[in-house]
Amino acid sequence: MATIGDVAREAGVSVSTVSYVLSGKRPISGPTRERVEQAVAALGYRPHAGARALASSRSNVLALMVPFRPGMNVQIIMQFVGGVVTTARQHDHDVLVLTQDDPQGISRVAASSTADALIVMDIESDDARLPGLRELDMPAILIGVPDDTTGLSCVDLDFAAAGRLAVRELARQGHTHLALIGASQERLDHRANYAVRMRSGVREQAETSGVQAVVVPSEPTFAGGAHAVGALLREHPHVTGLIVHNEAALGGILARVQNEGLRVPQDLSVVAVSPSDIAAALPVPVSTIEVPGHRIGRIAVEMAMARLAGDDLAETRLVAPTFTDRGSVARPPGTAADPASPPGVTPAAAPQSTSV
């Protein structure tokens, strides 16, 4: 059965143009309309009744695809979900949460006409769902940024910039041996975009700053964090600056550091890339680069509403990271304090893509 994507390729136009021709939502030039109509006839395309009615009727529902995979931190995911739900209500929309991890699920949602737009979370760098998302004739917003964003609308924290910022803050204090305790090996193997981008940012800035940085994967559990930092301290005893991008492992990391007889920040400086409330609840106050899940969820809904209003521009919005000093970053052991480096909040350099 032909899809709207097949029609678009046959006519040499975008999927949105085909949708406008079929729905009458926007005026389309005569030659373009004729090419689309010829492609529809040649392929025998039959649009779903709900898709034909999209311009005149709405379900007032947003579909949020959240594949709950093993090892995912539900507490973090729910911050994004909370941002989506509260903002959707401000636009008189309800949210249908879908937990499937099936590329075919996207086409089923679109064909059912139960939702006006789709928001998709947990995007991998080369996600199997991307081809289906590009062919949708309904708005789709990705929370996460794949390697190829062509024809897609995405929003996320600029994790590469966050990694660079963490390294700069530690290097500014004089640390020359750093470590990133990041996502699990399973998430790295699957190229989860947040994990890959964080790792790249740390490595890039370490090279630029002339410091050493090792990467240690960790399972997203208390025990996983304790094991990761224990292995790190055995294999790299000269590390004095630690970047943690694994919120669920933070408690275990700090407990193991204490059990090893080390103090934060006197012996080991720590920067957590984490929601601020999680870092604030730890026994040891930890300086953070915030992952603003609620804000990102809000932006995703606002992008979806803009598409429903007729803005079909594909764009990527990267939220610029900020560093908040809560006292867990200091000069390395045996070095003098630097009076030119007061505590406070340091904004990141402007990201390469659009920042909000």
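**Core, helix packing and loops of a predicted chain**

Val-273 sits in strand S9. Helices (H or I, at least four residues) and strands (E, at least two) are DSSP runs, numbered from the N terminus. The model is predicted: local features need pLDDT of at least 70, side-chain atom pairs count only at pLDDT 80 or more, and totals for chains, interfaces and linings use all residues. Residues are numbered from 1 along each chain as its sequence is written, and side-chain values use heavy atoms, with hydrogens and water left out.

Val-273 is buried, at 0% relative accessible area. Buried means under 20% relative accessible area, exposed means over 50%, and partly exposed lies in between (1.4 Å probe, protein chains only). Ile-289 is 16 residues from Val-273 in sequence, yet the two C-alpha atoms are 4.7 Å apart. Contact means heavy atoms within 4.5 Å. Beyond its neighbours within four places in sequence, Val-273 contacts Met-198, Ile-243, Val-244, His-245, Glu-247, Ile-289 and Val-291.

The chain as a whole has 14 helices and 14 strands. Of its 356 residues, 49% are buried. Among contacts between residues at least 6 apart in sequence, 73% join residues at least 24 apart.

In soluble globular proteins, nonpolar side chains tend to be buried together. A nonpolar core is here a set of buried Ala, Val, Leu, Ile, Met, Phe, Trp, Tyr and Cys residues joined through side-chain atoms within 4.5 Å. The largest such core holds 45 residues. Ile-119, Ile-143, Val-155, Ile-243 and Ile-289 touch the most other members. Helix H14 (residues 293-308) supplies the largest share of this core, 8 residues. Ile-119 has contacts in several parts of the sequence. Neighbours within four places aside, these are Leu-62, Ala-63, Leu-64, Met-65, Val-84, Ile-141, Ile-143, Ala-300 and Val-301.

Helices H8 (residues 159-172) and H10 (residues 193-209) pack against each other. Their axes come within 7 Å and cross at roughly 40°. Axes are lines fitted to C-alpha atoms, for helices over the stretch in contact, and angles run from 0 to 180 degrees between N-to-C directions. H8 contributes Phe-159, Ala-160, Ala-162, Gly-163, Arg-164, Val-167, Arg-168 and Ala-171 to the contact. H10 contributes Tyr-194, Arg-197, Met-198, Gly-201, Val-202, Glu-204, Gln-205, Ala-206 and Ser-209. By class, this contact has 9 nonpolar, 4 polar and 4 charged residues. Ala, Val, Leu, Ile, Met, Phe, Trp, Tyr, Cys and Pro count as nonpolar, Asp, Glu, Lys and Arg as charged, and the others, Gly among them, as polar.

Leu-250, Gly-252, Ile-253, Leu-254 and Val-257 are its buried residues. Their cover includes strand S6 (177-182), helix H11 (222-235), strand S8 (241-244) and strand S9 (269-274). Gly-261 follows H12 and has a positive phi, near 80°. The loop between H12 and S9 holds Pro-265. The peptide bond from Val-264 to Pro-265 is cis, with omega near 10°.

Helix H13 (residues 276-280) contains Ala-279. This residue is buried, at 0% relative accessibility. Ala-279 and Arg-326 are 47 residues apart in sequence and 9.5 Å apart in space, C-alpha to C-alpha. Setting aside neighbours within four places in sequence, Ala-279 contacts Ser-274, Val-284, Val-286 and Thr-288.

Two loops complete the description. The loop between strand S3 (117-120) and helix H7 (130-134) holds Asp-127. Asp-127 is buried, with a relative accessible area of 5%. A polar atom of its side chain lies 2.9 Å from the backbone nitrogen of Glu-124. Asp-122 lies in the loop between S3 and H7. Asp-122 is not a glycine, but its phi is positive, about 55°. Asp-122 is buried, at 11% relative accessible area. Arg-191 is in the loop between helix H9 (185-189) and H10. Arg-191, not a glycine, has a positive phi of about 55°. Arg-191 counts as partly exposed, at 32% relative accessibility.

Notes: Polar contact = N/O pair within 3.5 Å; in protein donor to acceptor, adjacent residues only side chain to side chain.
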